[in-house]
Amino acid sequence: MMCVFSYCQTVITEDFSHLPPEQRRKKLQQKIEERSRELQKELDQRDALNKMKDVYQKTPQMGDPNSLEPKISETLGNIERLRLEIQKCEAWLADAENRMLSNRPDTVTRYNRHLDPASALNNNCSHEKDSPDTTQSNESQDTFNQPIYTEFDEDFEEELASPIGTCVAMYQFEGSSEGTISIQEGEELNLMEEDKGDGWTRVQRRSKGGEGYVPTSYLRL
């Protein structure tokens, strides 16, 4: 990534690692689907050429089977190239999904994180001491507690949507990719989500509004 006169532009990479995790996953899935369709066309063409070659061999007056060899070789080369490209994209996709899973906190973990340790211990003990006579009572209690858990989780999501700090753009960035946002040098921004290890930070523009991802290296936190 190079900067000229404080203007920086994202370097486009083959594995879409320049994109935020979710957008990267979508782009890789789209590329795999496109290459798979191309591969199927090449496979169909290979089968058609082989059938034509077989006809020429059985009926020489219809054509020279050797004349098809260059096209057959080209088709086989395309098939091998597309298969390797799909394999690479599948490996990148697996990496992207693993990164997303490692950066996404589990809902139950988030809930337990806010529990008092003593309360959690008492809760575990109560489950161990349950007897058949108290099953119906516990089921009623679980039903009563369910809305509380849902309400807590919704409140937690609302907290995530609020700014967690501020930052300043050190360079201009053109957010031309899906999920990114453009910022100006020296612009003050609301920090919405910290970098999760992928090199991207989610910010909110104060003056013009809008949220999106920008490279963390472009920000002064």
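Helices (H or I, at least four residues) and strands (E, at least two) are DSSP runs, numbered from the N terminus. An unreviewed UniProt entry annotates residues 25-52 as "coiled-coil region"; such annotations may be inferred rather than shown by experiment, and their positions follow the numbering used here, with feature names shortened.

Before you go on, note that this is a predicted model: local features need pLDDT of at least 70, side-chain atom pairs count only at pLDDT 80 or more, and totals for chains, interfaces and linings use all residues. Residues are numbered from 1 along each chain as its sequence is written, and side-chain values use heavy atoms, leaving out hydrogens and water.

**Exercise 1. Find the partners of strand 6 and describe its surroundings.**

Solution. 

Step 1: Start with strand 5 (residues 188-193), which runs antiparallel to strand 6 and is joined to it by 4 bridges. Two strands pair if DSSP finds at least two bridges between them. In this pairing, Glu193 stands opposite Arg202 in strand 6.

Step 2: Look at the other partner. Strand 6 and strand 7 are also antiparallel, with 5 bridges between them, and Val203 stands opposite Gly212 in strand 7.

Step 3: Check burial. Buried means under 20% relative accessible area, exposed over 50%, and partly exposed in between (1.4 Å probe, protein chains only). Because 5 of the 6 residues of strand 6 are buried, the strand is largely enclosed by the rest of the structure.

**Exercise 2. Which glycines take a positive phi in the two hairpins?**

Solution. 

Step 1: The hairpin of strand 5 and strand 6 has 6 residues between the strands, and there Gly197 takes a positive phi near 105°.

Step 2: In the hairpin of strand 6 and strand 7, with 5 residues between the strands, Gly209 has a positive phi near 75°.

**Exercise 3. Trace the aromatic pairs around Tyr218.**

Solution. 

Step 1: Set the rule. Rings of Phe, Tyr and Trp (its six-membered ring) pair if their centres lie within 6.5 Å; planes under 30 degrees apart count as stacked, over 60 as edge-to-face and the rest as tilted. The structure holds 3 aromatic pairs.

Step 2: Tyr171 and Tyr218 make an edge-to-face pair, 5.7 Å centre to centre with 80° between the planes. They sit 47 residues apart, so this pair links distant parts of the chain. Tyr171 is partly exposed at 28% relative accessible area, while Tyr218 is buried at 1%.

Step 3: The rings of Phe173 and Tyr218 have centres 5.5 Å apart and planes at 90°, so they too are edge-to-face. Phe173 is in strand 4, and Tyr218 is in the loop between strand 7 and strand 8. Both Phe173 and Tyr218 are buried.

Step 4: Join the pieces: ring pairs link Tyr171, Phe173, Trp200 and Tyr218 into a cluster.

**Exercise 4. What does Thr216 touch?**

Solution. 

Step 1: Locate Thr216 in the loop between strand 7 and strand 8; at 19% relative accessibility, Thr216 counts as buried.

Step 2: Leaving aside residues up to four places away in sequence, Thr216 touches Asp195, Gly199, Trp200 and Thr201 (contact means heavy atoms within 4.5 Å).
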